[in-house]
Amino acid sequence: MMPDPTPLVEMRHISKHFGGLQALTDAQLELYPGEVLGVLGHNGAGKSTLIKILSGAETASEGAIFVEGRKAQISGPNDARAYGIETIYQELALCGNLDAPANLYMGRELHKWGFLRKKAMAAEATKALGRLNIRIQSLDVEVDSMSGGQRQAISISRAVHFDTKILIMDEPTAALGMEESKMVMELTVELKKQGIGIIWISHDIHEVFNFTDRITILHGGKNVVTGPTKEFTQDEIVSMIISGLAVERRTSAAGD
Amino acid sequence: MQFTRIRSQPLVWILLVAVLLAIVLSFLSPFFMTVGNMTNLSKQVSIVAILAAGQAVVIISGGIDLSVGSVLALSAVVIGALIQVDVDPLIATLAGLAVGTLAGLVNGIVITHGKIPPFIATLGMLGIARGLALVITKGVSYQVLVPFFLYIGNAKFLGLPIPLYFVVVTYLVVTVMLHTSVFGRHVYAIGGDERVARLEGIPVDRQKIKIYMLSGFLAALAAVVMTGRLAATPPSVAQGIELQAIAAVIIGGVSFVGGRGIVLTALIGALIMAMITNGLNILGISSFYQQVLIGMVIIVAVWLDNLKSQK
């Protein structure tokens, strides 16, 4: 797949330190429309810090973020959202006591003079879930009574409902069974087709290897390598995550 | 609405319990189901019922308001003090309502910006508001013998006592607010999972402040009814009533964890407690036993609720 020339997101020369601890040093990330980028690294490699900076949960000490070629100021989750960046967390961020439409519109309820437009939200929710081929028996049951996969599907459908261009998925299948993980991945393929760029964070090498278009590996807060997933073998990816040393490839594009 | 939906409504169950209790009591005593006693009962229940409406909203949002009894007293005392210096009763009422709402605002700010747990913040307000009521009055009770309050306390409209109208309007407004407004949706979301609510962009702090202001306002509204009924504003009024309001909410089946339950059940909860008190009084059973019984009812109510949610 040939990537679109202007990346959806470019994170350039990102550094972040927490007091004396250097979490990221000159880290880079590029994401193109319609691709799944796997971000890899063991715990403490800096991947979650990098992602948190993009989603607005943290701010970088140095560096710049460009969204569709323009410099972006992201200093909070709502800023990120305004740029079309949404995050899906592994710990299923839904209110279990509310139904699907209520969760879908949480914090951005449709209303007239402060009164909920329940019918409009239910109708929109039906459409939104239908677009992603999500089947839910009844819209007005609490999401607590749904399966993990259904709940993750609602999270995803919420994340992409509001003009989302960039979707960060932080271990979206970690809490799910095999069937349900498959369902989430099928959904993600659907989103790819719509031109959404997806950042996929996972510890499951097999999943990353089979599912992502490109990968970037972080080690000690620095990029080890960035390139098309298929240029590497699964073993090479594992060894780069552990050692932090790039495997030489004639075609590889390790950084710039 | 489908049958299963109705069956799962907590209101249906608690209503059944209340009706059953009423039937049993009317068999035990011929005086229970009389107009006089029912009027009496509805007056008795009105204060706790109004407080329970606010408390239910607070508890659904995952909080607690221990200060309502003291805020009631402070509002009542402010009304009493203003009546004492010949202020128009309507203006005195508005001032009382403003004081209660203000106490709620302080609760809300301390909880959200001060990051003090609701239990502690409102426990503090319980002391502060009661203390202020005593400071203002120097411990004496003002008489309130103006027609406006005597009407609220003693008159009937269309055969029903005035305090009952306060209760009906309160529950109507709070129910509509909770089930049809964005604010109401946020109350349930915050009670369901506050972290998620915040993550999804709900202005949690602002909504929480509104919730405690509502509870404070309703405490002041209860103060208006109380002032009418007593024709006086003793600063020690309504001591410990917050526990009755909380009990009414719990007996009604609102989850103490937050996020679940409806406000109307708190009214039935208050009614059940009042019927037990009233029924035992009529039957000539010592009021000491009433406390024992109500204590047991609270525990059984929560136990039944646990059984239901385990299914």
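This is a predicted model: local features need pLDDT of at least 70, side-chain atom pairs count only at pLDDT 80 or more; totals for chains, interfaces and linings use all residues.
Biologist: In which sense do strand β3 and strand β11 of chain A pair, and over how many bridges?

Modeller: Residues are numbered from 1 along each chain as its sequence is written, while chains are lettered from A and ligands numbered from 1 in the order in which they are written. Strands are DSSP runs of E of at least two residues, helices are runs of H or I of at least four, both numbered from the N terminus, and two strands pair if DSSP finds at least two bridges between them. For β3 (residues 36-40) and β11 (residues 214-219) of chain A, the sense is parallel and the count is 4 bridges.

Biologist: Which residue in β11(A) is the bridge partner of G38(A)?

Modeller: β3 and β11 of chain A pair in the parallel sense. In β11(A), the partner of G38(A) is I215(A).

Biologist: Which are the edge strands of the sheet?

Modeller: The open sheet in chain A has 6 strands with mixed pairing, in the order β6-β9-β10-β3-β11-β12. An edge strand here pairs on one side only, and in chain A these are β6 (85-88) and β12 (222-228).

Biologist: At about what angle does α6(A) run to β10(A)?

Modeller: α6(A) lies across β3, β9 and β10 of chain A. Angles run from 0 to 180 degrees between N-to-C directions, with axes as lines fitted to C-alpha atoms, for helices over the stretch in contact. For α6(A) and β10(A) the value is about 150 degrees.

Biologist: Which residues in α6(A) meet α5(A)?

Modeller: Two residues are in contact if their C-beta atoms, placed from the backbone, lie within 7 Å. On the α5(A) side are G148(A), G149(A), Q152(A), A153(A) and I156(A). On the α6(A) side are E180(A), M183(A), V184(A) and L187(A).

Biologist: How many residues does the contact take from chain A and from chain B?

Modeller: The model scores ipTM 0.81 and pTM 0.85. Chain B averages a pLDDT of 90. The contact takes 16 residues from chain A and 17 residues from chain B.

Note on methods
pLDDT is the predictor's confidence in each residue, from 0 to 100.
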